[in-house]
There are 2 protein chains.
Amino acid sequence: MHVLITGAAGMVGRKLTARLVADGSLAGKSLDRLTLVDIVQPDRPAGFTGQVETVATDMSAEGEAEKMIAQRPDVIFHLAAIVSGEAEANFEKGYRINLDGTRLLLEAIRKMGDYKPNFVFTSSIAVFGAPFPDAIADEFHLTPMTSYGTQKAVCELLLADYTRRGILDGIGIRLPTICVRPGKPNLAASGFFSGIIREPLAGQEANLPVADDVMHWHASPRSAVGFLIHGAELDRKLLGSRINLAMPGVACTVAEQIAALTRIAGAKVAARIVRKPDETIKKIVANWPRRFDPRRALALGFKAEANFDEIIRIHIDDELGGTFVK
Amino acid sequence: MHVLITGAAGMVGRKLTARLVADGSLAGKSLDRLTLVDIVQPDRPAGFTGQVETVATDMSAEGEAEKMIAQRPDVIFHLAAIVSGEAEANFEKGYRINLDGTRLLLEAIRKMGDYKPNFVFTSSIAVFGAPFPDAIADEFHLTPMTSYGTQKAVCELLLADYTRRGILDGIGIRLPTICVRPGKPNLAASGFFSGIIREPLAGQEANLPVADDVMHWHASPRSAVGFLIHGAELDRKLLGSRINLAMPGVACTVAEQIAALTRIAGAKVAARIVRKPDETIKKIVANWPRRFDPRRALALGFKAEANFDEIIRIHIDDELGGTFVK
């Protein structure tokens, strides 16, 4: 089994790589080859005895997609993208990386002719735009309100058409906002949802730019990786022609996030959250999905956390060695 | 007022041109310039005293989009596309004309910088894919089951993002299946819906490839032109951010079409319909929308026919000089 991961140096890419290496297999087949691609050179995974290639490249440059798939990976996890904030700030770069980069990869596969990989695409709940019903059903339309969401929605459509045409076996995984993201904040406007948990647990203050009653849809990095692996392993006959799926998650308000943090880490930790309203972020977040009713994904066996307490505990276990700054 | 029409040599393009020339104005402004573009040279409209440019070009060729908009048309009706059957038969041509052609035009507008045209895009109900509810609501998701539908759905998303960004004032008009199409059949799999009315009224036999209980969503060519003009004239503040709209139409079964033809033209004319089942067309049509609940379009003042009898009468009036072969 040869697996290609684009965006392998990113947070989800690194965790996916580590999980695949730990499992040693995918879809019941032994993992013997990994190709890890990103704009910066991905790290070589520790403890993997198979063949590894790490490639630093701009996927949107001519001829790069062809090189990436020349060794015919069985499964492609296509994670490479620039995030919402950057895609909004830089129109041309967003379309070049997020749309053209994906399309070049799909086209390279098509032009191989006799090659039909399992293609797992990371989409996002940013494909949805307000106004929303109380819970977003599987048949709700996609009206993105960012260029990032537009690019993801376009790639979903392309993936579905290439799949219908028999060019590849695609599945699009609409990730919830991943929380708690480890490490430094990125350019995503959603960053504070992680920041208000991550920084207080690390003994630092974190700004909260929105009101406490803002509700949003979350899943842990561990769940995100689980979705991608489950997507790769899923019997595609069960999936049918609607290959793009909203993932399960935890709907909770900022107040509920803070209450969970207080329960788990105490009031002193939670007091490190500083309310600092930001009108720009408030406006962006007002157009974001709050809650989903992801019946298809649940029926197909995709699993997220049951509540936000679990999400915090996973962060403490996976990132902080089971402890935090009291 | 300078109006650019792409796909101006096509059936809807010619009727739109004729209507604009007959009206002499658009959105309350005198029409003094027309730029008509197609892959073949469009006819010069009769009776127009303003400036007319007719251009034969492949819009997907480099630099062509820039030339088309160099004179800064106030309103762009973007109709140019290859039809569903051809886009399905020729993957590369479909994506090149229907997706890249549109994107090049949007990009040419963006790169002008200080130019913000009113952009009316002809989309299609082919953006929807089965299974469907009894009536498709405005918030139903887009899951096209053809490459043509995929290309239209992608362009809708791009148009919405370019509009949101303030690059242009876009509106996407999802046309019902236009019936009765005059002239020769084109490569669209929906052609028989027109054929079973048009040919019998012209004294010729017409094949019916599907069962009598097949229901579909229709509007006349006159309505299609009306939708586009109303779209161009619509106060975009009323439209909001969801700029792509399913149009009103007439839901009726083939049996109801035939009954209407019998009422209007007599049993002898209707007897010219020959049942000749075609499994390929049956399968394609089985995935098509049957009925819509286009509340937003109706509330915004878009109008179609009230029933299929009207659709037949419009064909007889507009195409046959008020008469037919008994």
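## Close-up views of a predicted two-chain model

**View 1. Chain B meets chain A.** In this predicted model, 17 residues of chain B are in contact with 17 residues of chain A. On the side of chain B that touches chain A, seven of the residues are nonpolar. Six are polar and four are charged. Which surface does each copy use? Of the interface residues of chain B, 100% are also interface residues in chain A, so the copies meet through the same surface.

**View 2**

**View 3. An open sheet in chain B.** Three strands of chain B form an open sheet. Their order is E10-E12-E14, and the pairing is mixed. Strand E10 (177-178) and strand E14 (250-253) of chain B are the edge strands. Each of these pairs on one side only.

**View 4. Strand E12 beside strand E14 in chain B.** Strand E12 of chain B covers residues 215-219. How do E12 and E14(B) pair, parallel or antiparallel? Their pairing is antiparallel, over four bridges. One residue pair can be picked out here: Met215(B) has Thr253(B) in E14(B) as its bridge partner. Strands of a sheet pair through backbone hydrogen bonds.

How values were computed
Residues are numbered from 1 along each chain as its sequence is written. Chains are lettered from A and ligands numbered from 1 in the order in which they are written. This is a predicted model: local features need pLDDT of at least 70, side-chain atom pairs count only at pLDDT 80 or more; totals for chains, interfaces and linings use all residues. Two residues are in contact if their C-beta atoms, placed from the backbone, lie within 7 Å. Ala, Val, Leu, Ile, Met, Phe, Trp, Tyr, Cys and Pro count as nonpolar, Asp, Glu, Lys and Arg as charged, and the others, Gly among them, as polar. Two strands pair if DSSP finds at least two bridges between them.
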